[in-house]
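Here is a friendly tour to go with the structure you have open. Please keep the viewer at hand and follow along as we go.

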Amino acid sequence: MNAIEGRKILVVGASSGLGRATAIALQRQGADVVFAARRREVLEEAVGEAGGGHVVAIDVLDPASIDQGVAEAVGALGGLDGIVYTSGMSPMAPMAELDQADWQAVFGVNTFGPNLLIKAALPHLSEDAVVAAVSSDSTEMPRHSLVPYAASKRALEATMEGWRTELLGTRRFVTVILGPNMPTEFANSFTPEAFEAAIPHWQRQGFRTGIMNAHEVANGLVACMDALFAAPTFGIESLLLRSPEPEVANEFSSDVGQE
């Protein structure tokens, strides 16, 4: 039996990239899914592609929108068995060029947003719920010009450990550590000049260049969630997803990014 069938799951960041692919895969596997992000019209397209699901607009930089969005998701689903938080953003610039607004935006989406969303959802989570939040494989060695992204995702990892520490029982809080994958809109705001300046530093730092297919990653995540729902005493605390290195290294470009 498919353990994910009938499960009520909220996917945040479902308008593009890994979030969209995961929401579609969950819906097609029989889950009842809320597709959440800011762009309602894009979410409606994703629901159409999935063949079902619900659309809820959530701006993760707005606490009131988070509370309202969770309430709408619970109303549409009748509760929550799972959350998948894939939203992520960052400016691409050296730290010396960043101002307070840049830092606030990055931590707002990547750290504050998921934690406020989990807080709002807690009263509605089933006892065997699975909550997954996507981090980055760059947290241990931040990429040049993307330091705020790594810093905010490392803080997210600490807070996911915090939820596991403070909430005892059978609810599972999973940190998904994600390597580069396509398609993604993560790099849409980056300029070619910023990439050109950063690439020599990335090469100097020796970063891996393997790139995963976001749809394959989504199918893997759904399989992991299915295994968790099938076995309430089985837990996954941290899941590292990264492509094997190709024999010939991929070249970095503005088309390559992360969620």
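Let's begin inside the protein: the second largest cavity holds about 80 Å³ of space. Please keep in mind that this is a predicted model.

- The structure has 2 cavities of 30 Å³ or more.
- Lining the second largest cavity are Val84, Val130, Ala132, Val174, Val176, Leu221, Cys224, Met225, Leu228, Ile236 and Leu239.
- Two or more lining residues come from each of strand E5 (125–136), strand E6 (172–178) and helix H7 (214–230).
- Which element gives the largest share of this lining? Helix H7 does, with 4 residues.

**The largest pocket**

- The volume of the largest pocket is about 640 Å³.
- The pocket is lined by 26 residues, and those closest to its centre are Arg38, Gly88, Met89, Val109 and Glu185.
- By class, the pocket lining is made up of 10 nonpolar, 11 polar and 5 charged residues.

**Helix H1 with helix H7**

- H7, which gives 4 residues to the lining of the second largest cavity, also packs with H1 at an angle of about 50°, their axes being 8 Å apart.
- That angle is why H1 counts as oblique to H7.
- The two helices cross in a right-handed sense.
- On the H1 side, the contact is formed by Gly17, Leu18, Ala21, Thr22, Ala25 and Leu26.
- On the H7 side, their partners are Ala214, His215, Val217, Ala218, Asn219, Leu221, Val222 and Met225.
- The contact between H1 and H7 counts 10 nonpolar and 4 polar residues, with no charged ones.

**Helix H1 with helix H2**

- H1 (residues 17–28) has a further partner in H2 (residues 40–50): their axes come within 9 Å and cross at roughly 35°.
- This crossing, too, is right-handed.
- H1 brings Arg20, Ile24, Gln27 and Arg28 to the contact, while H2 brings Val42, Glu45, Ala46, Glu49 and Ala50.
- How many charged residues does the contact of H1 with H2 have? It has 4, together with 4 nonpolar and 1 polar.

**Helix H3 with helix H4**

- Helix H3 (residues 63–77) packs with helix H4 (residues 100–121) at about 40°, and their axes lie 9 Å apart.
- Because of this angle, H3 is oblique to H4.
- The crossing of H3 and H4 is right-handed.
- From H3, the residues Pro63, Ile66, Asp67 and Val70 meet Gly113, Leu116, Leu117, Ala120 and Ala121 of H4.
- Sorted by class, this contact has 7 nonpolar residues, 1 polar and 1 charged.

**Two backbone details**

- As background, most residues other than glycine have a negative phi, and most peptide bonds are trans.
- You will find Pro183 in the loop between strand E7 (181–182) and helix H6 (192–205).
- Ser145 is not a glycine, yet its phi is positive, at about 75°.
- To locate Ser145, look at the loop between E5 and helix H5 (147–166).

Technical notes:
Residues numbered from 1 in each chain as written. Predicted model: local features only at pLDDT ≥ 70, side-chain atom pairs only at ≥ 80, totals over all residues. Heavy atoms only, no water. 1 Å grid on protein atoms, 1.4 Å probe; cavity = no way out; pocket = protein on both sides within 12 Å on 5 of 7 lines; lining within 4 Å. Points joined across faces, edges and corners; volume = space filled by probe spheres on them. Nonpolar A, V, L, I, M, F, W, Y, C, P; charged D, E, K, R; others polar. Axes fitted to C-alpha atoms, helices over the stretch in contact; angles between N-to-C directions. Left-handed = near helix turned anticlockwise from the far one by under 90°. Contact = heavy atoms within 4.5 Å. Parallel < 35°, antiparallel > 145°, perpendicular 65-115°, else oblique.
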